[in-house]
Amino acid sequence: MKKVICILKSLLPMLLWLGMQSVVSILFLLTGVLTGKRPLWATGGELPYVISVLANGVTFLLGYLWLQKKKKETSGQERRFSLGAAVKLLAVGVIFQMIVSLLLAGMQVVFPKAMESYAQVLENLGVFAPSVFSVLYTVVFAPLTEEMVFRGVTLRILQEELPFAAANVLQAVLFALMHGNLVQSSYAFLAGLLLGTVVKRYGKLSAAIWCHFAVNASGLFLGDISVPGIFLLLGISFGVLLVFVIIDKKMEKTNEKYRV
């Protein structure tokens, strides 16, 4: 029974986030009705992004306050988020995005109709014609808020009653469902598993936020890259990742050798 309650409780962060977007949307609607005017960025199709940025900002702040209240001592479990770790996670994020790009290229051949619907979703999101607000939302606020909601609050709630593996799968499922279409949900689920593992590995939500930033930024700014370019970038990213993994291993051995 406790596990069922825990799972139901884990839905609250996502519902709060969606509710916050509805509240902000209603406030904008009421403002427009009362004043009879629409701001210039609203007429240019930027309103959904402005609403999302504001709603995400408030949701992130509420999640941060909740985590600070619930935070427990993690001495001995939390790794220092070093420059080397940041570079490794950047490489991991780019690698993940490039692998997804290759999979989507394959799906374009096998499932053309599904990919047409997916392309329409991306067009509606402004991916093909990025603006200031769409870039701000995709690269900054989406990683911040999605990590706070799913890998921060939701994962922490689930781990109160479930082992990490089960909690990680469930938060990844919720993360996938939130995306709302089959193509996005499929790779969002994999991204959720990866980012949850990053939090477990480093003991820091900031590590998952940084990795998520790498995924979204590379997807946005390298969206038109050719298949040969994808393989080239994959090779470079794997090389960078390997170099820093080797450096970390050597540093660990050196520290163990001189540890008192």
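Is F213 buried, partly exposed or exposed? F213 counts as partly exposed, at 26% relative accessibility. Here buried means under 20% relative accessible area, exposed means over 50%, and partly exposed is in between, with a 1.4 Å probe and protein chains only.

This is a predicted model, in which local features need pLDDT of at least 70 and side-chain atom pairs count only at pLDDT 80 or more, while totals for chains, interfaces and linings use all residues. Residues are numbered from 1 along each chain as its sequence is written, and side-chain values use heavy atoms, with hydrogens and water left out.

**The whole chain**

Show the protein chain as a cartoon. It has eleven helices and zero strands; helices (H or I, at least four residues) and strands (E, at least two) are DSSP runs, numbered from the N terminus. Of the 260 residues in the chain, 38% are buried.

A contact means heavy atoms within 4.5 Å. Among contacts between residues at least 6 apart in sequence, 80% join residues at least 24 apart.

**Helix α10**

Select residues 205-221, which make up helix α10. W210 and F213 both lie in this helix, three residues apart, about one turn. W210 is partly exposed, at 29% relative accessibility.

Next, look at the rings. Rings of Phe, Tyr and Trp (its six-membered ring) pair if their centres lie within 6.5 Å; planes under 30 degrees apart count as stacked, over 60 as edge-to-face and the rest as tilted. By this rule there are four aromatic pairs. One of them is edge-to-face: F150 and F175, 5.2 Å centre to centre with 65 degrees between the planes. F150 lies in helix α7 (residues 132-158) and F175 in helix α8, so this pair ties together parts that are 25 residues apart in sequence. Both F150 and F175 are buried. W210 and F213, in contrast, form a stacked pair, 5.1 Å centre to centre and with 20 degrees between the planes.

**Around F175**

Then show R151, whose charged end sits over the ring of F175, 4.2 Å from its centre. A charge sits over a ring if NZ of Lys or CZ of Arg is within 6 Å of the ring centre and within 35 degrees of the ring normal. Elsewhere, the charged end of R201 sits over the ring of Y202, 5.3 Å from its centre.

**The nonpolar cores**

A nonpolar core is a set of buried Ala, Val, Leu, Ile, Met, Phe, Trp, Tyr and Cys residues joined through side-chain atoms within 4.5 Å. Select L89, V198, Y202 and L205, which have the most contacts inside the largest core, a set of 21 residues. Helices α5 (83-110), α7, α8, α9 (182-202) and α10 each supply at least two residues of this core. A second, separate core has 17 residues, including V149, F175, A188 and V215.

**N168**

Go to helix α8 (residues 164-179) and select N168. What is N168 in contact with, leaving aside its neighbours within four places in sequence? The contacts are L155, G192, L193, G196 and T197. N168 is buried, with a relative accessible area of 5%.

Finish with C6 and C211. C6 is buried at 5% relative accessibility, and C211 is buried at 0%.
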